[in-house]
Amino acid sequence: MPETVLPEKTPQKALDAPHAPAANGPIAASAKVELPPAAVNPPSPSPGLPSLPATKSHFDAGIDYELFLDCVHCGLCTAACPTYAELGNENDGPRGRIYLMRAVTDGRLELNQPVRRHLELCLDCRACETACPSGVQYGRLIEPFRIAMERAPTGPEGAADGTAEGAAKFAAKSDDWFHRWILFGLFPYPARLRKALAPARWAQRLGMIGALEKTGIIRLLPPRLRQLVRMLPPLRRAEPPLPAVLPAIGKRRARVALFTGCVGDAMFRATNWATARVLQQNGCDVLTPPQQVCCGAIHFHAGQSEPARQFADANRAAFDTRCLDAVIVNVAGCGAMLKDYGHHWPDAEQADRAAFAAKVKDVHEFLDELGIVPPTGEIPLVATYHDACHLVHAQRIRAAPRRLLARIPGLELRELPESELCCGAAGTYNLTEPEMAARLSQRKLNNIRSTGARAVITANAGCLLQIAREARQQGERLPLYHPMDLLDRSYRGVPLER
Ligand code: SF4
Ligand code: SF4
């Protein structure tokens, strides 16, 4: 890694720049959210973020240093950043975070608790990539940096000094009960997750979840568990699993395999069925390999690279891409992860992972390119479309879902203000950072209300859960749909349930 001394003026000037007001202004004062002081501290140099003289850093995330240099500190990304929009703090915007990561890499800044906090608060939504005119690949910075940050033990003051005391004080995510048992132990395994959800389904049917809220007993749960209970959608008896092969309807145009996901398979199997039927209607043979596993995003975005690699290699083995035109994904977060398999692990298998990734297509992208058979069933609905971050920013797919939805007779689509601003779901961010996630979902709901739409359409399981939770908590009835749910109903002529 080159020994690079940051120019004193430019980055600091960038960090000291006056904070632009949030695009929508701060959310209502009633939304009391306590964030740690570190998150609202002024930028370095400050008591929270001490600068060190430039030295050879002992912190190496393996990031190509040129990627840092792509950033010219113009600040054009800041207005697009949800955490900056909410907090107005340069350290909680992309330019500031790039500066922090580079300064730690240079050995000019300790990887202390405030620095960690600013970086952990990032949603990895990659809105900054879409906004950046210089082509900064922010995801290639924050993702390896977080993995290295997770490995770096922290000292009593939060410095990466490698002491056992420090490591115990700031436990790694793999040692945290919630990550270990829930996020890593349950979520990536759909069969386990379905079993774990069975008592919750009964509790919902008996009205016990509502009673927990009404009596306030829910507040006795640990915050992350409380958030998880509130996220649960109305749970129904699961549909049967998709068969290994569903044949094309009409003239055969393609042979594809469906990636069914982990949370997707456990909670949104009906949407997987809808996706498969839409593909069939469009002349696709649909294969569903039973050996497929979680995409690995839950682990990877929590800094656990090795388990994520194992998931990636299991998926590579499960899908025989030689006889497929595409591997189809209907969840934006999974699609972004699968498409990145070729970048994450530079080892002997990298080329094979890249070949697998090259076959991955988001279902909207695939159908839009294929050209869809026009759906004919009327869906009389006024709805708005929320752009899932991992579709619009990570995969740059914005127009295709809108074009597909526009083909549904009777569906009126109203544009959503700030449709590309994260709703706070961001994978498991809404469970690990509930305060910021709640601010963003409130902001999203306010924008949805402003459209007058009666329903929301979005193409990501996390967004569906997050926006539905916010609406439920605000006492609103707001139906949410995946685009495939609506297309499927239109093809089959099945009206919406009211
Ligand atoms: S990331 Fe891009 S938009 Fe943001 S400050 Fe750097 S160069 Fe400018
Ligand atoms: S990834 Fe999202 S939250 Fe993180 S810096 Fe970029 S825009 Fe902000």
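User: What does alanine 257 stand opposite in strand β4?

Analyst: Alanine 257 faces valine 327 of β4. This is a predicted model, in which local features need pLDDT of at least 70 and side-chain atom pairs count only at pLDDT 80 or more, while totals for chains, interfaces and linings use all residues. Residues are numbered from 1 along each chain as its sequence is written, and chains are lettered from A and ligands numbered from 1 in the order in which they are written.

User: Why are β2 and β4 said to pair?

Analyst: Two strands pair if DSSP finds at least two bridges between them. Strand β2 (residues 254–259) and β4 have four bridges in the parallel sense, so they pair. β4 also joins strand β5 (residues 360–362) in the parallel sense, over three bridges, and there valine 327 stands opposite valine 360.

User: What makes β4 a strand?

Analyst: A strand is a DSSP run of E with at least two residues, and a helix is a run of H or I with at least four, both numbered from the N terminus. β4 covers residues 326–329, and the chain comes to 27 helices and nine strands.

User: Which residues cover the two faces of β4?

Analyst: Ala326 and Ile328 lie on one side, Val327 and Val329 on the other, and all are buried. Of the 498 residues of the chain, 47% count as buried.

User: Why is there said to be a nonpolar core, and what does leucine 338 touch?

Analyst: A nonpolar core is a set of buried Ala, Val, Leu, Ile, Met, Phe, Trp, Tyr and Cys residues joined through C-beta atoms within 7 Å. The largest one has 123 residues, with Ile328, Leu338 and Cys422 having the most contacts inside it. Contact means C-beta atoms, placed from the backbone, within 7 Å. Leucine 338 touches Phe259, Cys295, Val329, Ala357 and Val360, leaving aside residues up to four places away in sequence.

User: Which residues are closest to ligand 1, and which come nearest to ligand 2?

Analyst: A residue is near a molecule if its C-beta atom, placed from the backbone, lies within 6 Å of it. Around ligand 1 there are 15 residues, the closest being Cys71, Cys74, Cys77, Arg95 and Cys132. α5 (94–106) and α7 (127–131) each give two or more residues to this shell. Ligand 2 has 14, and Cys81, Pro94, Cys122, Cys125 and Cys128 come nearest.

Note on methods:
Buried ≥ 20, exposed ≤ 12 C-beta atoms within 10 Å, placed from the backbone. Contact = placed C-beta atoms within 7 Å.
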